[in-house]
Amino acid sequence: PPSLPHSTSDTPFTPTPSFPFLFPSSSPISPRHLQQSQLFTFLHPFPTAVAAMKSTSPTAAVGTALVKTPYIVKFAAVALLSLSVALLFYHHPSFPSAAFSAFTSLSSPTAVAAKNSTSTALNSTSTAVNTSSTILKVKKLPPPPPSVARRTGIVDENGAMTEDFEIGEFDPSLMEELRNLRGGGEETEKKENEPKIVKYDKFKACDGSKIDHIPCLDKSERHCPDSALDCVVPMPNGYQKSLPWPRSRDEVWLHNVPDTRLVQDQGGQYSMLVKDAKISFQDGGSDQYVNLISQMVPDIDFGHHTRVALDISPGIGSFAASLFRHNVTTLLIGTKDVHKNQIQFALERGLPAMVVGFGTRRLPYASQAFDLIRSSGSGIDWTVDNGVLLLEVNRLLRAGRYFVWGGPQVDSNHELSLDDQWNEMEGLAASICWQLVKKEGNIAIWRKPLNSSCYLGREIGAQPPLCNSDEDPDNVWYVNVTACITLLPEVRNGGNVSVWPARLHSPPDRLQSIKMDAMISRKELMKAESRYWNEIIDSYVRAFHWKEQNFRNVLDMRAGFGGFAAAVNDLELTSWVMNVVPVNGFNTLPVIYDRGLLGVMHDWYAHFSTSWFLCLNRPNK
């Protein structure tokens with residue numbers, strides 16, 4: 001390089017032909033460039049090179065003399081050659097075969113004739129090296145992609161709806177059954193080898209007698225008829241869009257409630273006022289009633305320890321409406337009687353309500369579901385049939401929580417004819433280990449025990465008996481009630497829940513007791529479901545124009561762990577959600593109630609026993 005110091009000798013040096021690949025023959029090298037290049041001396045220790053290395057100072061002369069000794073030269077050459085070969089073999093394992101080929105070509109007559117043409121030899125060597133590099137750079141092919149399992153259904157692996165799907169196996173007789181329904185359409189046959197197109201007309205509207213139709217329910221029991229309803233239940237005459245919440249809590253449109261006999265017969269009792277085609281609901285002392293209960297038993301703690309309540313035969317829902325102000329979700333249930341429109345009043349007001357049969361079968365709710373159960377003036381005889389109805393309430397009531405009974409039977413100043421009713425009720429409650437916490441005026445409050453120690457400590461033969469150990473208290477679909485006491489589990493007890501709102505996102509103990517496929521990842525599944533709905537709930541709100549439509553009553557047809565309802569709550573929407581758990585899936589009702597939400601079990605091959613405003617049938621759910 002030009003930066004090296006110049007030599008005193010300008011005699012040019014031409015490389016020997018023995019190493020034509022080190023220096024191009026067309027570029028004579030001056031000794032001035034080789035003055036301090038001992039490497040050249042090691043690689044080319046020939047007289048011509050040694051003669052060219054003339055030092056200009058004593059120190060340089062001594063160093064050159066040492067280097068030129070035979071042993072040093074040989075040792076350095078062998079060491080450098082060994083190191084070069086080792087590095088070459090390490091980085092290029094295939095080099096020996098390539099080098100042997102190159103050496104063979106150099107030893108041939110053609111190669112000897114080409115020695116004077118150094119540039120041609122360099123090109124040949126470069127081509128050989130490039131070929132070796134190309135061989136080295138060949139990569140292994142990636143493994144073939146895994147085979148894709150056959151998929152059926154309208155939802156892809158990401159949970160999105162798709163048009164590219166396979167129907168799978170199905171029963172052709174079902175199509176024939178659909179064709180035979182009244183109001184069905186006709187099948188238009190195409191040419192052979194072409195797909196068949198089946199066209200169905202819209203269902204017709206039912207006649208006026210079906211305006212308040214409630215299927216599958218007589219006065220006290222659930223019983224579905226053999227033939228399905230083949231028409232659409234019409235809206236009442238003069239129906240208007242429901243008033244938004246919370247305005248609907250205090251007034252509703254008169255014509256939105258098909259049966260107004262409740263207004264005509266008992267308007268004074270329920271403090272209702274009809275004016276300008278609206279029904280207004282007066283307070284009627286409900287707020288004072290709720291405050292009195294809180295004062296009687298401070299541990300009830302509405303909105304924290306008490307989050308989910310059940311009101312049996314609730315009238316028009318004034319008690320539930322007051323509890324909503326205390327952040328308590330209350331489910332109203334009533335039987336199908338002459339005032340069945342009580343439930344319609346409640347739903348129109350935006351309150352959770354259902355028509356149920358309260359008789360010989362279990363209610364479709366989980367065990368230990370409700371933090372508080374209230375019955376006031378319901379006309380239910382709790383002590384009949386060995387107290388079987390109160391024992392069903394005991395199954396529904398959460399461990400350590402409260403049952404509130406109100407009515408003239410409780411009042412100390414009641415008539416003597418009511419003494420027997422009170423005494424029987426008091427004795428039955430004591431026999432199932434309920435503790436009478438407070439009795440004041442016409443209100444009595446009992447507390448359920450936290451565990452089964454009291455049940456197991458009773459005398460032998462005590463009534464009512466304990467239920468069989470193999471009886472599942474959460475098996476509720478078409479299961480008869482029995483006059484026995486449901487034992488509380490020693491672990492994973494429903495009484496061990498956090499206060500609201502922490503319980504909404506805290507995996508409860510009973511999550512580990514439900515029957516499902518997952519064994520150790522249940523908490524992760526529940527949290528993942530909640531995270532999923534929290535991420536996409538905004539899209540539901542936008543797509544449905546949720547806030548503009550003021551949706552209040554929402555039905556989730558397959559709720560899972562209640563993640564959708566939890567997301568609605570987190571977003572602070574003015575809606576409540578009824579979480580439906582299908583009978584052919586995992587029974588997650590205990591988890592839903594432990595989270596402070598409402599739920600019900602149902603078979604979607606049968607009719608649902610009430611009406612709702614918004615029904616969500618989500619993809620894949």
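User: Two strands pair if DSSP finds at least two bridges between them. Going by that, which strand do three bridges join to β3?

Analyst: That would be β5, residues 278-281, and the two run antiparallel. Just keep in mind that this is a predicted model.

User: Ok. What stands opposite V252 in there?

Analyst: I279, over in β5.

User: What's the strand order in that sheet?

Analyst: β3-β5-β4, an open sheet of three strands with antiparallel pairing. The edge positions go to β3 (251-253) and β4 (272-275), and each has a single partner strand, so one side of each is left without a neighbour in the sheet. On average, neighbouring strands are turned by 25° against each other, direction ignored.

User: Switching to the seven-strand sheet: what's the order, and is the pairing parallel, antiparallel or mixed?

Analyst: The order is β8-β7-β6-β9-β10-β12-β11, and the pairing is mixed. This sheet is open too. Its edges are β8 (353-355) and β11 (435-440); each pairs with a single strand, so one side of each has no neighbour in the sheet. From one strand to the next, the twist averages 20°.

User: How many bridges hold β7 to β8?

Analyst: Three, and β7 (residues 329-334) runs parallel to β8.

User: Which strands does helix α14 touch?

Analyst: β6 (308-312), β9 (370-376) and β10 (397-406). Helix α14 spans residues 384-396 and packs on the sheet, with its direction at about 135° to that of β10.

User: And where does α15 lie?

Analyst: Across β10, β11 and β12 (443-447). Helix α15 is residues 419-431, and it runs at about 15° to β12.

User: I was looking at T330. Where is it, and is it buried or exposed?

Analyst: T330 lies in strand β7. Its relative accessibility is 0%, so it counts as buried.

User: What does T330 touch?

Analyst: Leaving out residues up to four places away in sequence, T330 touches A309, L310, D311, A320, L323 and P352.

User: Salt bridges next. How many turn up in the whole structure?

Analyst: The search finds 12.

User: Let's take a few. What does D371 pair with?

Analyst: R398; their side chains meet at 2.8 Å, N to O. That links distant parts of the chain, with D371 in strand β9 and R398 in strand β10, 27 residues apart. D371 is buried at a relative accessible area of 0%, and R398 is buried as well, at 1%. There's a network too: salt bridges that share partners join D371, R398, R503, R510 and D594.

User: What about R362, who's its partner?

Analyst: E471, with the closest N and O atoms 2.6 Å apart. These two sit 109 residues apart: R362 is in the loop between β8 and β9, while E471 is in the loop between α16 (453-456) and α17. R362 counts as buried at 7% relative accessibility, whereas E471 is partly exposed at 27%.

User: And E251, which residue does it bridge to?

Analyst: R247, at 2.8 Å between the closest N and O atoms.

User: Why does E251 count as buried?

Analyst: Because its relative accessibility is 19%, and buried means under 20%. R247 has 40%, so it goes down as partly exposed.

User: Last topic, aromatics. How many pairs are there?

Analyst: The count comes to 21 aromatic pairs. One of them is W533 with F564, which is edge-to-face at 5.2 Å centre to centre, with 80° between the planes. W533 is in helix α17 (residues 522-543) and F564 in helix α19 (residues 563-570), so the pair ties together parts 31 residues apart in sequence. Both W533 and F564 are buried.

User: Which residues make up the aromatic cluster with W382?

Analyst: Along with W382, the cluster has F358, F403, W405, W422, W434 and W446.

User: Which ring does R307 lie over? And R552?

Analyst: R307 lies over the face of W500, at 3.7 Å from the ring centre. R552 lies over the face of F324, at 4.9 Å from the ring centre.

Note on methods
Residues numbered from 1 in each chain as written. Predicted model: local features only at pLDDT ≥ 70, side-chain atom pairs only at ≥ 80, totals over all residues. Heavy atoms only, no water. Phe/Tyr/Trp six-rings, centres within 6.5 Å; stacked < 30°, edge-to-face > 60°. Helix = DSSP H or I, 4+ residues; strand = E, 2+ residues; numbered from the N terminus. Buried < 20%, exposed > 50% of the residue type's maximum accessible area, 1.4 Å probe, protein only. Lys NZ or Arg CZ within 6 Å of the ring centre and 35° of its normal. Axes fitted to C-alpha atoms, helices over the stretch in contact; angles between N-to-C directions. Contact = heavy atoms within 4.5 Å. Salt bridge = Lys/Arg side-chain N within 4 Å of Asp/Glu carboxyl O.
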